[in-house]
Amino acid sequence: MAIKPVFVSTYPPRECGIATFTQDLVNAIEKYNDVRRCYIIALSKDKHIYDNRVLYDINQDKFSGYVKAANLINMSDIDVVIIEHEYGIFGGEDGDYIIPFVKLIKKPIITTFHTVLKNPTAKQFEILKKLADLSSKVVTMAKTTKDVLMEVYDIEEEKIEIVHHGVPYMELDDKETLKEKYGLKGRKVISTFGLISPGKGLEYAIEAMNKVRKEFPESVYLILGQTHPNIKRIKGEEYREKLINIVKELKLENNVQFVDRYLTKIEIMEYLRLSDIYLTPYIGREQAVSGTLAYAIGSGKAIVSTPYTYAQEMLSDGRGVLVEFEDAQSIADGILMLLKDENLRKEIERKTLEIGKEMYWHNVAKRMIDIFYDVVEINKKVGVIA
């Protein structure tokens, strides 16, 4: 039996990490014969022109759209509904429109939690707990967050599945060829990519480069990506301008470069390939998953990161260098250690790539398809599916 799933998520051309994640996942799933076709219920803030996978477009702040989408799902031959959950992409307080929406759905549900907080507010706890209770299975991307789901939210272990954040595999030119292509020949490249927002801690990374360039004057830090649309809508380019001012004050124009646009997947992969070090200086300690860190691991990079939840797990066993939160000196020390010791850097790259191969999208897609079948079979047995 071929499965027909629908994903409830943001979706390109909306510029959002979860949108990209969902598109990559459905592209990989559709390569298997086990799935007839993937469909999307898209969550939007603005009007977008979507591809023909999108069955319905919900304005995330209007509850009437959720009711129409639930009715559409119930009347269709969809087999399973996958909720890509992040508090900010659903309407209501902390995205609480999701709960009555899910209660209306008469198909089996799988929920992937992109954020799992150790110390949620009462509202955040209530939403995640109810959503888990209404789901046949929940998916998380790390063992540490599985533990939090069990200990903080009292979700039974047999309901939880761990599936890595997927990463693309691409045949690319070698590092030096790509450095030349991007005008970076002869330079030691440190990079961070993703939508820019204050939680990324980029100011500490820039200050760290002031220390790094004293020993490696040819080093350059690439800040790759545009400002997050939600931040831009509310505060404009306030944070980016703050970063640019720090660069000017420290006279780091030769050592810090901004690539201010939404990068294509091939550009992201090429920038990762040419980087000597990948850096995530994030300040959010509870961050349960990072798509950008996952991409860097899939690319076999030597990584320097603050010890947020996902980084602690993924960079354990010598797969990276953890540095202190909001500490430019600690970040600089981590970067310098890897720039000075090529053997250490290569050993970290080798270890990182070992786990990175498990994260390629085709492996992640197969795991998800197995979960689809499990959920459909479970619900047939209990009479949810005819």
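Me: In which helix is Trp-361 found?
Reply: The model is a predicted one. In this model, the helix that spans residues 361-381 includes Trp-361. The element asked for is helix 15.

Me: Is Trp-361 buried or exposed?
Reply: The relative accessible area of Trp-361 is 8%. A residue counts as buried under 20%. Trp-361 is therefore classed as buried.

Me: What separates the C-alpha atoms of Trp-361 and Asp-24?
Reply: Along the chain, Trp-361 and Asp-24 are 337 residues apart. Asp-24 is also among the residues in contact with Trp-361, as are Phe-21, Leu-25 and Ala-28, once neighbours within four places in sequence are left aside. The separation of the two C-alpha atoms is 7.4 Å.

Me: Which strands does helix 1 lie across, and at what angle does it run to strand 1?
Reply: Helix 1 covers residues 17-29. It lies across strand 1 (5-9), strand 2 (39-44) and strand 4. Its angle to strand 1 is about 170 degrees.

Me: What is the strand order of the open sheet of seven strands, and which are its edge strands?
Reply: The pairing in this sheet is parallel, and the order is 3-2-1-4-5-6-7. Two strands pair on one side only. These edge strands are strand 3 (54-59) and strand 7 (160-162).

Me: Which residue of strand 5 is the bridge partner of Ile-83?
Reply: Strand 4 (residues 80-85) and strand 5 (residues 109-113) pair in the parallel sense over five bridges. The partner of Ile-83 in strand 5 is Thr-111.

How values were computed
Residues are numbered from 1 along each chain as its sequence is written. This is a predicted model: local features need pLDDT of at least 70, side-chain atom pairs count only at pLDDT 80 or more; totals for chains, interfaces and linings use all residues. Side-chain values use heavy atoms; hydrogens and water are left out. Helices (H or I, at least four residues) and strands (E, at least two) are DSSP runs, numbered from the N terminus. Buried means under 20% relative accessible area, exposed over 50%, partly exposed in between (1.4 Å probe, protein chains only). Contact means heavy atoms within 4.5 Å. Two strands pair if DSSP finds at least two bridges between them. Axes are lines fitted to C-alpha atoms, for helices over the stretch in contact, and angles run from 0 to 180 degrees between N-to-C directions.
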